Amino acid sequence: MTGRRSETGASPAPDAAGLGRLRATGFLVPSLVLILFFLVVPAAWTIYLGVTNYRLTGLAAANPEIVGLDNYTRALGDERFRTSLLLTLQFVLGSAVIGQAGLGFAIAYALRDRRGPLRRVVEGFVLLSWILPSSVVAFLWIALLDRDGGTLNTLLGIPGTAWLLDHPMLSIIVFNTWRGTAFSMMLYAAALENVPRSHLETARLAGASTWQQLRDVVFPRIRGHVLTNLLLISLWTFNDFAPFLITAGGPEQRSEILPVYVYKVALSGGELGFGAAISFVMLLINLVIALVYLRMLGRRKEKV
Amino acid sequence: MSAITMRALTKVYPNGVRALDALDLEITDGEFFALLGPSGCGKTTLLRTIAGLELASGGSVHIGDRAVTQLPPGKRDVAMVFQDYALFPHMTVRENIAYPLRIKKVDRRARGEKAAETADELGLSALLDRRPGQLSGGQQQRVALARAMACHPQVFLLDEPLSNLDARLRLEARTFLKRLQRELGVTTVFVTHDQAEALALADRIAVMEGGRIRQVGTPTEVFRRPANTFVAGFIGSTPMNLVDAEVRDGRLVVAGAPLPVPDDTPVTDGEKLVYGVRPEYLDYTAEAAPDALHGQVVVVENLGSFSLVSLDLTGDGDAATIQVVVPEGREPQPGDSGWVMPRPGRSLLYRDGELVSPAAAPAVPAARAAAAAEQ
Amino acid sequence: MSTATSTAPAPRRDAPAAEASGIAVRHVLARIGRYVFLCAVLGFFALPLLWLATAPFDDTPTITASLPQFTLDNFRALLDNPYALSSLLNSVYLAAGTAALVVTFAALAAYALSRVRVPGRDALLYGLLLLSSIVTGTATMVPLFELAFRLNLIDSRLGVILILSGGLLPAAIFILKDFMDGTPTSYEESARVFGASPLQIVRHIVVPLVRPGLATVGVWAVANVWGNFLVPFLLLRGPEKAPAAVIMYTLYTEGGQADLRLLSTFSLLYSLPVALMFVFVSSRYGFRFHGGIKR
């Protein structure tokens, strides 16, 4: 112990509890093992499976063969994959970037200097829609949008409108906006508290309009928050499986976003190799999203 | 016996910073000892190395006759009070004070009694069931001291003991701390960046810079006879005047004015020295006087019972500014022309930054010097 | 309110009265606009939840939310269903197991990372965090299924717990390290000078100090597992081991006409624990916000 401690040190507090390298490593190992097994290995495995013709059942289940990039060429040529990719982009843009971030910011901004019951009630409901289990809220939305007895049609007085059949993408986009706005709302509420009052007051004294205040005072201050928020909700939305619970990709694959597509191809259809190839493409897209945002974050830091 | 002896003590951090540089120091039993210096001078590292929180890269530490260089902190029989007191926020005052005894496996009742007893000595009895968050800064400091006292260590280590208190409380706590140390008689080392605090509290002071000790001595010694220009500039609430001087014809020429060479310092003609004198040891007069420096008053700062007057010396060649303490009621006005006379036996000469003036019998009682330093 | 005054141009001398009334009108309009917006938000978020509040207590629940004919009989139907209550127990089992694992492992790892300098620590942490937000769930469902199959963890609740823990750990470590970094090291050093061993320090000092952080991570893990549908859906075969998330889904997708009495009461019972837990935590510790708290 004592001998090792000197190696770990660096000012100002090298190793406050006198843990030592060995014990510190011991503390890390359980987490690293789990992460390695159930996070890193699956990610690597995806790459391997993607180049095989592995299937859930049948001949190729016993003896998967390496088929090189066949899966990828097939996927890129596949109309269904390209449609799915396009739908996913619509889903991310519509429900995350516009829906969740936009609505979340609007609510946070409208509530920014309010205390008391109205704020608590609004926040409470927004949060409730976020924390309830996804299979429950999925059914709540099925019930809400039901063609004959749905609450929405009853309220609007237009029974017979089949929202889920006629507008499946719109339905899941609105659903996901409803579902995930809480995160953005809370993040922006925290961010807005960091905007100094004096800055806003200075802008107002100079006669800036609400929009000018937002553009010149608020956004520059919370740019980092905005980017972090967009990064996280884009990634989450991109991988979100909950729409499966509502539309199951239907009708006629018109709401088949990528996670649903992978599930159907790989686990329902049994084509594990092809599914893994699509998964890998998804990983790459995720990575690109992350890198783009992180670069923007980095550039912001350089500027400061 | 709990003297602390350090020999060639060295601490080099992995990033190459040499925080302690082959440092030798002896702290005698029962002494109240200050480590003083600007931030980054290594004083806190030295304290933490004595505690065992940092491990020396070289050299040795002895407490009493035990070699503790390689011992972990818990085995050194020292107690440390941290700058932020480090009172555990989830424990009551009683539990905090009893914590060292809990580690030493003293049974619950005995340690409860001991905690109550120690708390009583420090006037904390009424606070035993409170949590640290409910206490004032001064109370927190006492609890931290009580916790350190509870296990009767051989050495107390205090890291900036007064810096977390506000100015008023600080004076009170200073007196309290000095009295407590007197009563306990335990060897105590404390770190401070505040020279007034060190002068007021310590029996002896080590002034540090860049991982080395620049001077060790009693408060009077370091105040009166700083061993080098660094200590001279660091000690004293108004820093010592340090002015370039040259020896010419057996006289010391300071900003054009010839002064007698102080205290028979051996000097050679033509050599360049630094002339040092504290503002407190200069007398201001409006009339021309022999062996005095002449200048024009530029700033007068009222500091209560006295004023600090800055004069631009009107010598030929290099300009210099000198500060002088003037008692209340005798302040000049900015723009006045005046003379300042060094008191006999109070001027010092530095050659290459090191003191060359020989020691002389003190002409001013030590108490006065300390009092002046505190202001 | 601030929006109104801000839009006002600098008043001119010749028409101060008209200017002032203009400001007042805009002020009122902005206020009304804000209330209308907030009411619309409230309606949007509350509307889907109405059914959950009314149907369980209605003696003949329909798919429309309406004022119920109050009854508690529906809950009796729930008791008759063979899988309803046991699935809630399964959920408890999965959530408690995962939360215990995640909190313990993440606390140890976060402490080591916070207090001992490990080379490349920050890069490692960010890399893992990124990986976890990318990999969890759908993108790796194929290899996860494969992996579980190879490790003989198909139809095993332990398998679900391990896989979920692996996905939650990076973010949990991240959150907890934040808490630990915010704790002054002088507490631990102080205890060390008194002779406490590293494990005593962890037990006596560190765990009590970061208790709010441990609670946050625990609750966060429970909420995640409680709602997680995909992993148990993939890995657990029979309805005996299925958690409430999966049973809920089968209740409305399988077996023709859904039993709305069962479905509504089950939804409510299944939702209540997370809602209550959330209320408890936010009132007890205040809602601590950390980036990436969900998923």
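Helices (H or I, at least four residues) and strands (E, at least two) are DSSP runs, numbered from the N terminus. On this basis chain B has 9 helices and 21 strands. The model is predicted: local features need pLDDT of at least 70, side-chain atom pairs count only at pLDDT 80 or more, and totals for chains, interfaces and linings use all residues. Residues are numbered from 1 along each chain as its sequence is written, and chains are lettered from A and ligands numbered from 1 in the order in which they are written.

The C-alpha atoms of chain B, taken along the principal axes, fill a box of roughly 75 × 45 × 40 Å. A residue is buried if 20 or more other C-beta atoms lie within 10 Å of its own, exposed if 12 or fewer, and partly exposed in between, with C-beta atoms placed from the backbone. Of the 375 residues of chain B, 43% count as buried. Two residues are in contact if their C-beta atoms, placed from the backbone, lie within 7 Å. Among contacts in chain B between residues at least 6 apart in sequence, 65% join residues at least 24 apart.

Domain bounds come from an automatic or database domain assignment. Chain B is divided into domain 1, residues 4–229, and domain 2, residues 230–374. The centres of these two domains of chain B, taken over C-alpha atoms, are separated by 37 Å. Their contact takes 18 residues from domain 1 of chain B and 23 residues from domain 2 of chain B. On the side of domain 1 that touches domain 2, the elements giving two or more residues are α6 (195–201), β9 (204–209), β10 (212–217) and α7 (219–224) of chain B. The largest share of that side, 5 residues, comes from α7(B). For residue classes, Ala, Val, Leu, Ile, Met, Phe, Trp, Tyr, Cys and Pro count as nonpolar, Asp, Glu, Lys and Arg as charged, and the others, Gly among them, as polar. The side of domain 1 of chain B that touches domain 2 of chain B divides into 9 nonpolar, 5 polar and 4 charged residues.

Strand pairing was assigned where DSSP finds at least two bridges between two strands. In chain B, 4 strands form an open sheet in the order β2-β1-β4-β5, and the pairing is antiparallel. Strands β2 (18–27) and β5 (66–67) of chain B stand at the edges with a single partner strand each, so one side of each is left without a neighbour in the sheet. Strand β1 (residues 4–12) of chain B is joined to β2(B) by 6 bridges, and to β4 (residues 58–63) of chain B by 5 bridges. Thr5(B) has a bridge partner in both neighbours: Glu26(B) in β2(B) and His62(B) in β4(B). β1(B) and β2(B) form a hairpin with 5 residues between them, and in the turn Gly16(B) has a positive phi of about 95°.

Most residues other than glycine have a negative phi. Asp77(B), in the loop between β5 and β6 (78–81) of chain B, has a positive phi near 60°. Asp77(B) counts as partly exposed, with 17 C-beta neighbours inside 10 Å. Asp291(B) has a positive phi near 55° and is found in the loop between β15 (282–285) and β16 (293–302) of chain B. Asp291(B) is also partly exposed, with 14 other C-beta atoms within 10 Å.

The domain assignment of chain C gives domain 1 (2–71) and domain 2 (76–285). The contact between them takes 6 residues from domain 1 of chain C and 7 residues from domain 2 of chain C. The side of domain 1 of chain C has 5 nonpolar, 1 polar and no charged residues.

Between chains C and A, the contact takes 88 residues from chain C and 84 residues from chain A. On the chain C side, the largest share, 14 residues, comes from helix α2 (residues 16–54) of chain C. By class, this side has 58 nonpolar, 21 polar and 9 charged residues.

Helix α2 (residues 20–50) of chain A packs with helix α6 (residues 141–150) of chain C at an angle of about 105°, with their axes 8 Å apart. Axes are lines fitted to C-alpha atoms, for helices over the stretch in contact, and angles run from 0 to 180 degrees between N-to-C directions. α2(A) and α6(C) are therefore roughly perpendicular to each other, a class covering 65 to 115 degrees, with angles under 35 degrees counted as roughly parallel, over 145 as roughly antiparallel and the rest as oblique. Val41(A), Pro42(A), Trp45(A), Thr46(A) and Leu49(A) in α2(A) meet Val142(C), Pro143(C), Leu144(C), Glu146(C) and Leu147(C) in α6(C). The residues of this contact divide into 8 nonpolar, 1 polar and 1 charged.
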